[in-house]
Amino acid sequence: MALNSEKELAQLQKRLQELADKSYRQNIFTFSSFLGLAELDVYYRMEKNLLFSHPALFGGDEESERKVIRFGSPEEFGYEEDYPITCIHVTPLSAKFADDFSHRDFLGALMNLGIERDCIGDIRVGDREGYLYCLSSMAEFICENLVQIKHTHVGCEVTGQMDTAKRDEPKSVEVQVSSLRIDGCLSKVYHISRAESIALFQGGKVYVNGRLAENNSRMWKPGETVNVRGYGKIIFREVKYETKKGKICLAVDVYR
């Protein structure tokens, strides 16, 4: 779901409230579909009003950005229910003649099958292969119908364990900044001007730990993850040292 209007925002808020209420009233687990950064920010803004239903988030593994919300408490219900998430491994039928795949290629092939975006979680692309998380109710359909990506015929197989999914490898870099102001840090990491960095915040394209970041002058803290739409993801690992001229050297992991 892309939140392009106040109506869509209200619909998502209503849906999350209904799932929380249903779980609480009927003592059952309820689940959302996959939520992206914009949708998750809506959830975080209303999270305090949903805590009565013990919400928890998971997207397939700890690194997943798109997540499903589960409402319900295993302790109160006396039983556990897994998230309805399945991991699928996609490989070419003939690796010798396979195209190189991108995230967009995978997503486009899935959308061409008529699958809604909120049925699909993270997609991770490797060397002529990929992994994707999907709602379990869609796994059989995807495995039967996802037969081609670009010009390459592919096969799909449900993996036994989600932690076998391919991980995106970051590039570890060091940057020198004059302060830990987040707009200045992003400017240095992405080699853009301060004005361009500020424009990203003004355009609602920056998320810190999954929450929309509206304050471009806030201090960036070690351990925080920043997602910038159109650029990728950065994790601030640590302050390495301070130069004699007062510059701060940061160690960051950059995911493209």
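Helix H6 (residues 182-190) and helix H7 (residues 194-202) pack at an angle of about 115°, their axes lying 8 Å apart. Helices (H or I, at least four residues) and strands (E, at least two) are DSSP runs numbered from the N terminus; axes are lines fitted to C-alpha atoms, for helices over the stretch in contact, and angles run from 0 to 180 degrees between N-to-C directions. This is a predicted model, in which local features need pLDDT of at least 70 and side-chain atom pairs count only at pLDDT 80 or more, while totals for chains, interfaces and linings use all residues. Residues are numbered from 1 along each chain as its sequence is written, and side-chain values use heavy atoms, with hydrogens and water left out.

We turn next to the sheets. Strands of a sheet pair through backbone hydrogen bonds, either parallel or antiparallel. Two strands count as paired if DSSP finds at least two bridges between them. S9 pairs with strand S14 (residues 248-255) over seven bridges in the antiparallel sense, and Ser-172 stands opposite Asp-253 in S14.

Another open sheet consists of three strands in the order S1-S3-S2, with antiparallel pairing. Its edge strands, strand S1 (30-31) and strand S2 (56-58), each pair on one side only. S1 and strand S3 (residues 68-71) are joined in the antiparallel sense over two bridges, with Thr-30 opposite Phe-71 in S3. Helix H1 (residues 6-26) lies across S1 and S3 and runs at about 30° to S3.

Finally, there is a pocket to consider. The second largest pocket is lined by 17 residues, of which Glu-62, Glu-63, Ser-64, Lys-67 and Thr-225 lie nearest its centre. The elements giving two or more residues to this lining are helix H2 (37-46), strand S12 (225-228) and strand S13 (232-242). On a 1 Å grid over the protein atoms alone, where a 1.4 Å probe is used, a pocket is an open set of points with protein on both sides within 12 Å along at least five of seven lines, and lining residues have an atom within 4 Å of a point.

Definitions and conventions:
Contact means heavy atoms within 4.5 Å.
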